[in-house]
Amino acid sequence: MTTTVPTEAAVRPSSPGTASGPGRRPGRIRRIGLPYLLLLPALLLELLVHLVPMVIGMVMSFKELTQFYIRDWTTAPWNGLDNYSVSVDFDAPVGAALLHSFLVTVAFTLLSVALCWLIGTAAAIFMQDTFRGRGLLRALFLVPYALPVYTAVITWVFMFQHDNGLVNHVLHDQLGLTDKPSFWLIGDNSFIALLTVSVWKGWPFAFLIVMAGLQNIPKELYEAASLDGAGLWQQIRRITLPSLRPVNQVLVLVLFLWTFNDFNTPYVLFGKTAPEAADLISVHIYQASFVTWNFGTGSAMSVLLLLFLLVVTGVYLVITSRGRRTADV
């Protein structure tokens, strides 16, 4: 009778790192699936809070939904594309008002984003130098961004008052820059008032993001440029701005989307009915929905706004990605 001696390879226990077969696969699946499992609650809340109302709003845009169907909006008759036709008929009063609001919003957004980025970038570059009290000044710069929107805007409402507001007191009574106290919350000056409040609230965010981006630029680049005789403006142009390009691309897009969709600032500043010069599209859609009780038309305007922002975002990302690849080459 012959006996078989087990070889060393047969009796050697397999280490955990070299384990194979069915026993290894469940552990690997658990490790891979754990991050998705942890993200599942956030995804469900995102679905509940954002996507579900968005889908409902799209359905409402195809219905003739007025105050008569508020009790049960599902019973409202289908209206097809009539709500969209009314919204884009720029020869009719509804379409002309929407077009005017859209143009005002575009002008307001471009000016606000440009000023927020310019002031925030200048402040961040200035704060790179070490000096006494820099930490306190940084904290003061972030106060407008940290304040609640209602608190910040309602303060400006009192400052823009015609008779006893601080703005007219400084411009007219102390500096004498105006012939008479101005109305800032009505008329054409309302656009300037809205832009002032928006920039005051928004530039600290740009300051914070740019200041974080400046930390990744090596100081050796500035020292070498200084030895080569480059001045401050040449250093900003040749080193700072090119290095901040990826940060600025994201920053400008976020500021654009936030400003274009801003509802709280004009609503708190002017109330339910904004002046014609400051009739932003967010407040205009609110008026079309909750003031005139035509929720179908208001939903159609919201969908058109969503499509516009999606197109602008897509075009912006394509252009910036091409520019980034060209710069890398």
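1. A pocket here is an open set of points, on a 1 Å grid over the protein atoms alone, where a 1.4 Å probe fits and where protein lies on both sides within 12 Å along at least five of seven lines, and a lining residue has an atom within 4 Å of a point. A volume is the space filled by probe spheres set on the points, and grid points are joined across faces, edges and corners.

2. Please keep in mind that this is a predicted model, in which local features need pLDDT of at least 70 and side-chain atom pairs count only at pLDDT 80 or more, while totals for chains, interfaces and linings use all residues. Residues are numbered from 1 along each chain as its sequence is written, and side-chain values use heavy atoms, with hydrogens and water left out.

3. The lining of the second largest pocket takes at least two residues from each of α4 (93-126), α5 (134-141), α10 (219-227) and α11 (232-243), and α11 gives the most, with 4 residues. Helices are DSSP runs (H or I, at least four residues), numbered from the N terminus. By class, this lining of the second largest pocket has 7 nonpolar, 5 polar and 4 charged residues, where Ala, Val, Leu, Ile, Met, Phe, Trp, Tyr, Cys and Pro count as nonpolar, Asp, Glu, Lys and Arg as charged, and the others, Gly among them, as polar.

4. The largest pocket has a volume of about 750 Å³, and of the 23 residues that line this largest pocket, Ile285, Ser302, Val303, Leu305 and Leu306 are the closest to its centre. Its lining draws at least two residues from each of α2 (24-60), α14 (281-291) and α15 (295-328), with α15 giving the most, at 8 residues. The lining of the largest pocket has 15 nonpolar, 8 polar and no charged residues.

5. In the loop between α14 and α15 sits Trp293, whose phi is near 60°, a positive value in a residue other than glycine. Trp293 counts as partly exposed because its relative accessibility is 39%, where buried means under 20% relative accessible area, exposed over 50%, and partly exposed in between (1.4 Å probe, protein chains only).

6. Val52 is placed in helix α2 and counts as partly exposed, at 35% relative accessibility. Is Thr320, by contrast, buried or exposed? Thr320, which is found in helix α15, is buried, with a relative accessible area of 12%.

7. Two pairs deserve a look in the 3D view. Thr320 and Pro246 are 74 residues apart in sequence and 9.0 Å apart in space, C-alpha to C-alpha. Tyr150, in helix α7 (residues 149-159), is exposed, with a relative accessible area of 54%, and Tyr150 and Leu269 are 119 residues apart in sequence and 9.1 Å apart in space, C-alpha to C-alpha.
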